[in-house]
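Please find below a briefing on one protein model, arranged by topic for computational work. The sequence and the structure come first, and the notes follow.

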Amino acid sequence: MMMKSLFESWRRYINEGVDSRGLPIVNRALHSFDAFDFSPQDLASRRGEIKSSIAYQQSQDPTFVLDIKEIFSKTADDWVFIAVNSAELEPEDIENPAFQEWVASKGYPENAKIVVIGSSPYPGDFSSTEWIAHDIIGHSAGRAFLESLGYPRGAGKWIEDNPWVGRMILKVHGYLVRKNVAIKKADMQFDMIYDIFASIILNDITWDEIKRAIVQGQIGLVEVEADTMEQIFNFCNEWVAQIPAGEPTVIRSW
């Protein structure tokens with residue numbers, strides 16, 4: 001009984017933000033990082049290999065959950081992430097009664113952005129907390145932005161068609177590195193852009209801050225680069241806003 005009580009206290013500390021006595025601790029904008037298993041019957045009609053979503057394995061680790069909560073501590077919204085044992089979900093999958101009942105039983109905040117992770121990791125992907133945030137948030141928002149520009153296959157073609165885009169990415173990513181934000185590890189232009197998207201959504205950088213850095217000569221953006229960065233900031237705000245409060249929503253990283 002004592003071990004069960006300790007385990008329940010730990011789970012409450014991780015997912016509810018209260019200590020073993022039920023008292024509030026430091027609030028984190030990431031409320032929960034959970035995992036859900038669809039039943040074999042739910043998956044019976046799937047074709048090909050069934051792969052779990054990004055962060056499915058990591059979500060079982062209390063240390064990972066604490067670390068990623070810290071990364072999300074500056075965001076203005078409450079977030080809930082749900083990793084699943086079968087990625088590449090279709091919209092109807094999250095209407096599954098068992099899944100809906102499970103979500104209702106969790107008691108998530110009414111205003112939370114409940115995000116179901118709908119992509120599996122690539123073989124050999126990095127699995128640290130920073131890279132998980134890069135993949136889930138940076139790639140999902142970045143993919144949507146690039147699709148809106150007519151580049152559904154990623155940033156590489158956008159950079160190829162607009163050489164100044166690559167220069168803009170290098171300048172802004174260099175600022176992220178100098179500022180030592182959480183998401184800053186990509187080393188290729190086509191991937192650095194997703195560090196930038198993640199940092200915006202995590203509120204590690206703001207548009208007012210970037211404008212000041214331009215004026216002060218910390219980031220040498222020319223007009224077209226500055227205009228594009230403003231467009232990216234606005235898109236990130238819109239992308240977050242379109243995730244409905246309190247309703248599970250599938251996002252895809254690629």
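**Briefing on the predicted model**

E95 is found in the loop between β2 (79-84) and α4 (97-106), where helices (H or I, at least four residues) and strands (E, at least two) are DSSP runs numbered from the N terminus. This is a predicted model, in which local features need pLDDT of at least 70 and side-chain atom pairs count only at pLDDT 80 or more, while totals for chains, interfaces and linings use all residues. Residues are numbered from 1 along each chain as its sequence is written, and side-chain values use heavy atoms, with hydrogens and water left out.

**Overall architecture**

- The secondary structure of the protein chain consists of ten helices and four strands.
- Along the sequence, these elements of the protein chain follow the pattern α-β-α-α-β-α-β-α-α-α-α-α-α-β.
- Of the 254 residues in the protein chain, 48% are buried; buried means under 20% relative accessible area, exposed over 50%, and partly exposed in between (1.4 Å probe, protein chains only).
- Among contacts in the protein chain between residues at least 6 apart in sequence, 77% join residues at least 24 apart; contact means heavy atoms within 4.5 Å.
- The protein chain has an accessible surface of about 13,000 Å², and carbon and sulfur atoms account for 51% of this surface. Accessible areas come from the Shrake-Rupley method with a 1.4 Å probe, and for residues only the protein chains shown count as cover.

**Negative surface patch**

- E90, E92, E95 and E247 form a negative surface patch. E95 counts as exposed because its relative accessibility is 54%.
- Patches are made of residues with over 30% relative accessible area and no salt bridge; like charges are joined within 9 Å, and nonpolar side chains (Val, Leu, Ile, Met, Phe, Trp, Tyr) within 5 Å.
- Lys and Arg count as positive and Asp and Glu as negative, whereas His and the chain ends are not counted. The place of a charge is taken as NZ of Lys, CZ of Arg, CG of Asp or CD of Glu.

**Salt bridges**

- The count comes to nine salt bridges, a salt bridge being a side-chain nitrogen of Lys or Arg within 4 Å of a carboxyl oxygen of Asp or Glu.
- E130 and K185 form a salt bridge with an N to O distance of 3.8 Å. E130 is partly exposed at 26% relative accessibility, and K185 is partly exposed at 44%.
- K179 forms a salt bridge with E209, and the closest N and O atoms are 2.8 Å apart. This pair also links distant parts of the chain, as K179 is in helix α7 and E209 in helix α9, 30 residues apart. K179 is partly exposed at 36% relative accessibility, whereas E209 is buried at 11%.
- The side chains of K211 and D208 form a salt bridge at 3.4 Å, N to O. K211 and D208 are three residues apart in helix α9 and are therefore separated by about one helical turn. K211 is partly exposed at 37% relative accessibility, and D208 is partly exposed at 47%.

- M192 lies in helix α8 (residues 189-201) and is buried, with a relative accessible area of 11%. Not counting residues up to four places away in sequence, M192 touches I169, L170, H173, A186 and D187. The C-alpha atoms of M192 and G166 are 9.5 Å apart, with a sequence separation of 26 residues.
- A144 belongs to helix α5 and touches F235 and W239, not counting residues up to four places away in sequence. A144 and I251 are 107 residues apart in sequence and 9.8 Å apart in space, C-alpha to C-alpha.

**Loop residues**

- N180, in the loop between α7 (163-179) and α8, has a positive phi of about 60 degrees although it is not a glycine. N180 is exposed, with a relative accessible area of 53%.
- N203, in the loop between α8 and α9 (207-215), has a positive phi near 65 degrees and is a residue other than glycine. N203 is partly exposed at 38% relative accessibility.
- L149 is found in the loop between α5 (129-148) and α6 (155-161) and is partly exposed, with a relative accessible area of 32%. L149 touches W158 and Q231, not counting residues up to four places away in sequence.
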